Amino acid sequence: MTPSTEETFYEGGPARGDLILNLLAGLTLIGLPFTVGALVRALWLRFRITNKRVSVTGGWLGRDKTQVVYSQVKELRSVPRGFGSWGDMVLVLEDGSRLEIRSVPNFRNTEKYILQQISTKKSQNTLQEVKGFAG
């Protein structure tokens, strides 16, 4: 068996529309916290979605890194924002923990890709568990 190469589907930061919309909201006093959140996301949040895993780098100055392989994902929950241009996703893992991915650009295609990878990895794991004939 040869190891397959990791192909990148998306690598980059959050949706620019999220930053623009929140900067406009920052013109009001009520929108200031959302503006600060959008600025922090724009500066330090980075996604890398490949055919093997989802990696999220974020936190203060981008120091936190989380990686999840598709075989660990039990469920994908998503909410479109920005008229469907971008959206938020939550990957629910087998152990009950969650990975939040906010302001994902090209949201609908990314969601389809991740769901496809989850189902592919689950079927591969099921096939690997079968060792031989029952008897």
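Which side chain meets that of Arg 48 in a salt bridge? The partner is Glu 11, with N and O 3.6 Å apart. Welcome to this structure, which is a predicted model. Here is a short tour of its salt bridges, one of its pockets and a patch on its surface.

**Salt bridges**
- A search of the whole structure turns up eight salt bridges.
- Arg 48 sits in strand β2 (residues 46–50) and Glu 11 in strand β1, so their pairing ties together parts that are 37 residues apart in sequence.
- Of these two, Arg 48 is partly exposed at 30% relative accessible area, while Glu 11 is exposed at 56%.
- Arg 53 and Glu 6 also meet through their side chains, at 2.8 Å from N to O. Arg 53 belongs to strand β3 and Glu 6 to the segment before β1 (8–12), so this pair links parts 47 residues apart in sequence.
- Arg 81 forms a salt bridge with Asp 88, their closest N and O atoms being 2.8 Å apart. Asp 88 counts as buried, with 16% relative accessibility.
- Shared partners join Asp 18, Arg 41, Arg 81, Asp 88, Glu 100 and Arg 102 into one salt-bridge network.

**The second largest pocket**
- This pocket holds about 160 Å³ of space. Among its 13 lining residues, Leu 45, Val 56, Gly 58, Gly 59 and Glu 100 are the closest to its centre.
- Strand β7 gives the largest share of the lining, four residues.
- The lining divides into four nonpolar, four polar and five charged residues.

**A nonpolar surface patch**
- Ile 20, Leu 24 and Leu 27 form this patch, with about 360 Å² of accessible area together.
- Ile 20 lies in helix α1 (residues 16–25) and counts as exposed at 52% relative accessibility.

Terms used: Residues are numbered from 1 along each chain as its sequence is written. This is a predicted model: local features need pLDDT of at least 70, side-chain atom pairs count only at pLDDT 80 or more; totals for chains, interfaces and linings use all residues. Side-chain values use heavy atoms; hydrogens and water are left out. Patches are made of residues with over 30% relative accessible area and no salt bridge: like charges are joined within 9 Å, nonpolar side chains (Val, Leu, Ile, Met, Phe, Trp, Tyr) within 5 Å. Accessible areas come from the Shrake-Rupley method with a 1.4 Å probe; for residues, only the protein chains shown count as cover. A salt bridge is a side-chain nitrogen of Lys or Arg within 4 Å of a carboxyl oxygen of Asp or Glu. Helices (H or I, at least four residues) and strands (E, at least two) are DSSP runs, numbered from the N terminus. Buried means under 20% relative accessible area, exposed over 50%, partly exposed in between (1.4 Å probe, protein chains only). On a 1 Å grid over the protein atoms alone, a cavity is a set of points where a 1.4 Å probe fits but cannot get out, and a pocket is an open set with protein on both sides within 12 Å along at least five of seven lines; lining residues have an atom within 4 Å of a point. Grid points are joined across faces, edges and corners, and a volume is the space filled by probe spheres set on the points. Ala, Val, Leu, Ile, Met, Phe, Trp, Tyr, Cys and Pro count as nonpolar, Asp, Glu, Lys and Arg as charged, and the others, Gly among them, as polar.
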